Amino acid sequence: VARKLVAMDLGDLRRHHLSLVLDHLVREGPRSRARLAAETGLTKKTVSALVADLIDRELVEELDTPRPGTVGRPGTDVAAAGRTVGGLGLEINVDYVAAYVLDLSGEVCVRHRSDGDNRGVPTDRVVRRLRRLAMAALDAAAARGIRCAGATLALPGLVDPTSGTLFVAPNLHWLGDQGDAPAEALRLAGLDAVRADNEANLAALAELRFGVGRRLSSFVYVSGGIGIGAGVVLDGRLLRGAHGFAGELGHVVIDPAGPPCACGARGCLEVSDRSPLAVATALRSLVHLLDPEAVVLGGTFATLGEANAGEVARHLDRLTLGARWHPSLAVPSTLGADAALLGAATAALDRVVADPTIVPILNEEPSA
Ligand SMILES: [Zn+2]
């Protein structure tokens with residue numbers, strides 16, 4: 001029994017080390033084995049063995065050009081591999097469905113989008129449309145040599161990220177009482193390993209990895225579309241809450257006597273005029289509660305640009321207690337309309353980064 005336990009622990013340790021090395025390359029970019037060893041705290045010998053394993057799985061590649069002043073293998077940089085393994089990001093939103101394939105090198109390889117109003121359309125019809133788009137995206141990826149290791153679906157509503165269940169998406173008029181389970185439906189339709197998450201959470205994840213969030217440890221990402229959501233990142237981690245429902249900024253009440261909202265309340269931010277003052281009024285409580293370094297304005301708010309963001313910050317300065325010592329910072333997102341899709345594809349790829357052994361070694365001799 002003791003020997004078996006030790007063997008299991010070694011397997012776990014190796015998986016952990018493989019993940020450590022791949023994660024470092026994905027986040028920090030190409031570098032030499034020696035630098036990888038120095039930065040991860042592993043020995044050079046261990047790093048070389050781990051890199052060899054990751055190369056066998058086509059998750060890491062050796063870059064052709066040695067750096068100046070070096071000869072041959074010792075100076076050759078290794079990088080997270082492009083165009084081998086991908087993550088499939090999917091999105092159902094109010095007026096479109098979309099599919100997106102991202103590879104480990106961070107390159108967007110496929111981007112398909114189909115516009116059309118999904119409001120009140122039965123879930124299974126929207127899912128069928130998305131499934132066709134997803135299959136086309138997988139085919140296009142395969143034609144480029146990319147196999148997708150997983151898929152994540154971005155949804156504009158309350159999602160349980162563990163089960164993928166969509167409880168309610170008010171702007172789609174999907175109220176959760178008709179068995180709305182788009183991720184489950186996609187799985188049943190032959191798309192393996194589909195998970196689901198809230199679109200603003202996924203956009204915040206993309207912001208953390210690729211956008212202005214790279215320089216921030218705590219921020220609130222505000223996603224503006226037909227609905228409004230927020231993804232809250234605290235100390236580099238997404239704040240989900242007990243049930244995955246955190247960040248429903250669109251349903252913070254600005255004016256209790258305001259117009260009715262799809263959620264049943266009155267005067268939510270989502271049904272306000274969405275002026276910088278309204279946005280700052282909704283953010284005020286969040287800033288007081290969470291003390292973020294910055295607010296990142298995404299989606300339609302990003303298209304309003306720097307001046308609009310500056311105005312939100314000025315209102316926050318006036319409305320929050322701590323601004324006198326730490327002035328408010330609001331910046332437009334640079335990721336554009338695809339932030340949630342990018343986050344979804346990243347989340348799908350993160351499963352490979354967390355456990356590289358889920359990707360089999362190609363051409364391995366089958367064990368007898
Ligand atoms: Zn509301």
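**Contacts, a zinc site and a helix pair**

Reader: Which residues does Asp53 touch, not counting residues up to four places away in sequence?

Author: The structure is a predicted model. In this model, Asp53 belongs to helix α3, which covers residues 44-56. When residues up to four places away in sequence are set aside, the contacts of Asp53 are with Arg14 and Leu18.

Reader: Is Asp53 buried or exposed?

Author: Residues under 20% relative accessible area are counted as buried. The relative accessible area of Asp53 is 8%, so this residue of the model is buried.

Reader: Which residues coordinate the zinc ion?

Author: The donor atoms lie at 2.0 to 2.3 Å from the zinc ion. In sequence, the donor residues follow the spacing H-x9-C-x1-C-x4-C.

Reader: What is the geometry of the site of the zinc ion?

Author: Four donors count as tetrahedral if all angles lie between 85 and 135 degrees. Among the 4 donor atoms of the zinc ion, the angles are 102 to 124 degrees. The geometry of the site is therefore tetrahedral.

Reader: How many residues apart in sequence are the parts that His251 and Cys263 tie together?

Author: His251 is partly exposed, at a relative accessible area of 22%, and Cys263 is likewise partly exposed, at 39%. Both are found in the loop between β12 (237-239) and α7 (276-290). The pair therefore ties together parts whose separation in sequence, in residues, is 12.

Reader: At what angle do the axes of helix α6 and helix α10 cross?

Author: Two packed helices are described by the angle between their axes and the distance between the axes. Helix α6 comprises residues 199-210 and helix α10 residues 339-354, and their axes come within 7 Å. The two helices are therefore roughly perpendicular to each other, the crossing angle being roughly 75 degrees.

Reader: How many residues of the contact of α6 with α10 are nonpolar?

Author: On the side of α6, the contact includes Leu202, Leu205 and Phe210, and on the side of α10 it includes Leu342, Ala344 and Asp350. Of the residues in this contact, 2 are polar and 3 are charged. The number of nonpolar residues is 10.

Reader: What is the phi of Glu58?

Author: Glu58 is located in the loop between α3 and β1 (60-62). At 32% relative accessibility, the residue is partly exposed. Although Glu58 is not a glycine, its phi is positive, at about 60 degrees.

Reader: Where is His173 placed?

Author: His173, a residue other than glycine, has a positive phi near 60 degrees. With 47% relative accessibility, His173 counts as partly exposed. Its place is in the loop between β8 (166-168) and α5 (182-188).

Reader: What distance separates the C-alpha atoms of Arg187 and Arg131?

Author: Arg187 lies in helix α5 and is partly exposed, with a relative accessible area of 30%. Neighbours within four places in sequence aside, Arg187 is in contact with Ser163 and Val194. Arg131 stands 56 residues from Arg187 along the chain, and their C-alpha atoms are separated by 9.7 Å.

Reader: How far apart in space are Ala307 and Val331, C-alpha to C-alpha?

Author: Ala307 is part of helix α9, residues 305-319, and is exposed, with a relative accessible area of 59%. In sequence, Ala307 and Val331 are 24 residues apart. Their separation in space, C-alpha to C-alpha, is 9.3 Å.

How values were computed:
Residues numbered from 1 in each chain as written. Predicted model: local features only at pLDDT ≥ 70, side-chain atom pairs only at ≥ 80, totals over all residues. Heavy atoms only, no water. Axes fitted to C-alpha atoms, helices over the stretch in contact; angles between N-to-C directions. Helix = DSSP H or I, 4+ residues; strand = E, 2+ residues; numbered from the N terminus. Parallel < 35°, antiparallel > 145°, perpendicular 65-115°, else oblique. Contact = heavy atoms within 4.5 Å. Nonpolar A, V, L, I, M, F, W, Y, C, P; charged D, E, K, R; others polar. Donors = N, O, S within 2.8 Å, 3.2 Å for Na, K, Ca; no water. Tetrahedral: all angles 85-135°; square planar, octahedral: opposite > 155°, others 65-115°. Buried < 20%, exposed > 50% of the residue type's maximum accessible area, 1.4 Å probe, protein only.
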